[in-house]
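Open the model in your viewer and keep the selection tool at hand.

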Amino acid sequence: MFKNHLVLKTAVLFALLLGFVYFVPAQTRGVTAEAQRITGDRFTISTRTPKGARIIAVTRPNRAMLNAIDRGLTDLFAVARKNRYSRGLRYSDYTIYIAKADRNRDAAGRYSPDIAVGAAQYAGSVYDKGGYIYAAGMVVSFNPMAFVIAEHTSDLGRVSNLVRYEGEHLVLYHNDRRKYAATADHSRGGGHPILK
Ligand SMILES: [Zn+2]
């Protein structure tokens, strides 16, 4: 009886361990499939920022890029706490996809690595460039929290801002659903920063 009990406990523990081990990557695989669908890229690099955010990329990002991402999250968490939000404020809550840029300069010629994404709700608006739009960043998943930005080789201050801005949508989704709904769609006006 004691022995059976131990066997059962071991089996449950083993199942739990397996469940844990398989659950997280399976979930991430689904999100990565979605990020690949949005960007047309293949993400093969997986790493973490010094503060623990998960990074999935096409090309291995350098330390400066990872630090810029951490700075953006730090800024996001500070302004979120100021607004008395408490959910989703750990670096490890975030998965950030770094895609290949589909353009490096905007229409005015400024350095602006962006990704081309299907126009969807922006169809016919000034953002619509014929079935797709250029976006600086885009939310990929709310659970787990994930978004995509483009590779940058300079202007890493822009990276920090993009991380904070895409993160705003995720923080609002988890802390203030009404405000999230009112600010999620930029095609009707409104931009970033949302949180002051
Ligand atoms: Zn936005």
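**Stop 1: valine 148**

Select valine 148: leaving out residues up to four places away in sequence, it touches Ala35, Ile38, Thr39, Tyr97, Ala99, Ile115, Gly137, Met138 and Val140. Contact here means C-beta atoms, placed from the backbone, within 7 Å. Numbering starts from 1 along each chain as its sequence is written. The model is predicted: local features need pLDDT of at least 70 and side-chain atom pairs pLDDT 80 or more, while totals for chains, interfaces and linings use all residues.

**Stop 2: the core**

Next, select Ile69, Ile96, Tyr97, Val148 and Ile149, the residues with the most contacts inside the largest nonpolar core, which has 35 residues. At least two core residues come from each of E2 (54-57), H2 (63-82), E3 (94-99), E6 (132-135), E8 (145-150) and H3 (156-175). Such a core joins buried Ala, Val, Leu, Ile, Met, Phe, Trp, Tyr and Cys residues through C-beta atoms within 7 Å. Buried means 20 or more other C-beta atoms within 10 Å of the residue's own, exposed 12 or fewer, partly exposed in between. Helices (H or I, at least four residues) and strands (E, at least two) are DSSP runs, numbered from the N terminus.

**Stop 3: the sheet**

Show the open three-stranded sheet, order E4-E5-E6, paired antiparallel. E4 (103-105) and E6 are its edge strands. Pairing requires at least two DSSP bridges; E5 (111-118) and E6 have four. Pick alanine 116, opposite tyrosine 134 in E6.

**Stop 4: aspartate 155**

Finally, select aspartate 155, in the loop between E8 and H3. Aspartate 155 counts as partly exposed because it has 14 C-beta neighbours inside 10 Å.

Key
Contact = placed C-beta atoms within 7 Å.
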